[in-house]
Amino acid sequence: DLPLELRRELDPLRLAAVQRFEVLDTDPEKEFQDIVSLVKSIFNVPRAAINILDSERQWTKAGAGDGPNIAVRTDTFCHYTIMSDAPLVVTDASIDNRFAQNPYVLGAPELRAYLGVPLTSADGYNIGSLCIYDTCRRDFSDTEVDVLSNFARVVMSQLELRLTSRMDPLTGLLTWRAFSDLLERHRSLRNPAAATLILLDIDHFKSVNDRYGHL
């Protein structure tokens, strides 16, 4: 694992990866909600969540069970999870120096046990975590860690697949559906920034394709 200070220095690159997936502040999606609901049931915990972390906050893409959907990043357990490539296991947060004074440990929901696995992009950046919480002390077995890690890989596969489906493989540009979604999100902003749409049409482009090929 990289030292903590180096992780912090690299955070702008991590944030670029977060933005690339365009998942922050998006509507709930069934495939992610199904995953956390299944995880919550398998582990029999009060809360399971897919959390994405930007520079200042933790935002929940999908959550099952009671818990905040937005939190200050430095107050969250997942803030520590993304600083490492290994799962974070907390057996009893009340006696853990990192979390004993945490507001979610001292106050509602009085968290005690936590297991989180970083969500790592194909280029190696931790954009968030898949995690479970419990309100009582709990030991997590190696098997349980492996199971949650497998689910985290499923989450990232879904995110990577969605990213791939938004980009035309030939040109590297947004697909029509992704472009339409982008325009719709722009229109929904309360104070949208100015935008310009430029259309280019190249004459006799078919002859260029016929002579040189599509690539």
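User: Are Phe77 and Tyr114 buried or exposed?

Analyst: This is a predicted model. In it, both Phe77 and Tyr114 are buried.

User: How many aromatic pairs does the structure hold?

Analyst: There are 6 aromatic pairs. In one of them, the ring centres of Phe77 and Tyr114 lie 5.1 Å apart with the planes at 45°, so this pair is tilted. A plane angle under 30 degrees would count as stacked, and one over 60 as edge-to-face.

User: Which parts does the pair tie together?

Analyst: Phe77 sits in the loop between β3 (70-72) and α4 (78-81), and Tyr114 belongs to strand β5, so the pair links parts that are 37 residues apart in sequence. Both residues also belong to one aromatic cluster, formed by Phe77, Tyr80, Phe99, Tyr114 and Tyr133.

User: Now the cysteines. What is the count of disulfides?

Analyst: A disulfide is a covalent bond between the sulfur atoms of two cysteines. The test applied here is a sulfur pair within 2.5 Å. By this rule the count is 0. Cys78 is in no disulfide, and its nearest cysteine sulfur, in Cys131, is 3.6 Å away.

User: Where is Ser121, and what does its side chain contact?

Analyst: Ser121 is in the loop between β5 (113-120) and β6 (126-134). Its relative accessibility is 4%, so Ser121 counts as buried. The side chain of Ser121 makes a polar contact with that of Asp123, at 2.4 Å. Leaving aside residues up to four places away in sequence, Ser121 touches Arg20, Phe21, Met156 and Glu160.

User: And Ala100: where is its place, and which residues does it touch?

Analyst: Ala100 lies in the loop between β4 (88-90) and α5 (103-106). With 19% relative accessibility, Ala100 counts as buried, because the cut-off is under 20%. Residues up to four places away in sequence aside, Ala100 touches Ala93, Ser94, Val105 and Leu106. From Ala100 to Arg112 the C-alpha to C-alpha distance is 9.3 Å, and the two are 12 residues apart in sequence.

How values were computed. Residues numbered from 1 in each chain as written. Predicted model: local features only at pLDDT ≥ 70, side-chain atom pairs only at ≥ 80, totals over all residues. Heavy atoms only, no water. Helix = DSSP H or I, 4+ residues; strand = E, 2+ residues; numbered from the N terminus. Buried < 20%, exposed > 50% of the residue type's maximum accessible area, 1.4 Å probe, protein only. Polar contact = N/O pair within 3.5 Å; in protein donor to acceptor, adjacent residues only side chain to side chain. Contact = heavy atoms within 4.5 Å. Phe/Tyr/Trp six-rings, centres within 6.5 Å; stacked < 30°, edge-to-face > 60°.
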